[in-house]
Amino acid sequence: MQKLREEMETFFGALYEDDKKVLVHGEGFLHARAALVGEAPGEQETLQRKPFVGKAGKNLDAFLAASGLRREDLYITNTVKFRPTRLSAAGRIVNRPPTQEEIRLFLPWLRRELHLVNPTCVVTLGNVPLNALADQKTTIGEVHGSFLHTGDGLLLYPMYHPASLIYNPSLREVYAEDINHLSKWLAGNN
């Protein structure tokens, strides 16, 4: 894993030489049964160089704890490893969704990372990782809480991104059901 991270630092350091992008690598148990894959790091993740430590990460931690899953037993990463940003109308640097080009650039690295972890299932958090790893285009609303097999042997378990609960609190119950279903499935497939 360290070799992969060093190669990524070299590749993206040269590619974005003028931008000085900060990569936020995945973390957690390297032989986890479940790997959680988000979209991209935000401000707090970039500052701390850890995935899911901002507001969305706090939501995720709360639901993991409630379902009996422990963060240290999982592997957590993102599709795109640097914070995609734009300038707001007020002149502040804010998050933006990753571009298709950014996703395409990081996808081979993500696949290598997942291959090294070799989880039983890959939990995609939101549409970006779902569509990056799935064989067909779909939306999280259509497939959340179910298992999807990919042509390259991954078993995906799509869930809403924990940030969606900030903007749409009505998803809390659905999110709790989906993560409890995952927890029970992992316990039964020990």
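**Close-up 1. Strands S7 and S8 of the predicted model pair in the antiparallel sense.** In this predicted model, the pairing between S7, residues 148-149, and S8 runs over two bridges, and the bridge partner of His149 in S8 is Leu155. The two strands form a hairpin with five residues between them, and in the turn Gly153 has a positive phi of about 90°.

**Close-up 2. Strand S8 also pairs with strand S6, here in the parallel sense.** Strand S6, which spans residues 121-125, is joined to S8 over four bridges, with Val122 having Leu156 as its bridge partner in S8.

**Close-up 3. Strand S8, residues 155-159, is mostly covered.** Five of the five residues of this strand are buried: Leu155, Tyr157 and Met159 point one way from S8, whereas Leu156 and Pro158 point the other way.

**Close-up 4. The largest nonpolar core of the model holds 53 residues.** The members that touch the most other members are Leu36, Leu114, Val123, Leu125, Leu133, Leu156 and Tyr175. Helix H4, residues 100-117, gives the most to this core, contributing seven residues.

**Close-up 5. The surroundings of Leu133, one of the core residues that touch the most other members.** When neighbours within four places in sequence are left aside, Leu133 is in contact with Leu107, Leu110, Arg111 and Leu114, with Val122 and Thr124, and with Thr150, Leu154 and Leu156.

Definitions and conventions
Residues are numbered from 1 along each chain as its sequence is written. This is a predicted model: local features need pLDDT of at least 70, side-chain atom pairs count only at pLDDT 80 or more; totals for chains, interfaces and linings use all residues. Side-chain values use heavy atoms; hydrogens and water are left out. Buried means under 20% relative accessible area, exposed over 50%, partly exposed in between (1.4 Å probe, protein chains only). Two strands pair if DSSP finds at least two bridges between them. A nonpolar core is a set of buried Ala, Val, Leu, Ile, Met, Phe, Trp, Tyr and Cys residues joined through side-chain atoms within 4.5 Å. Contact means heavy atoms within 4.5 Å.
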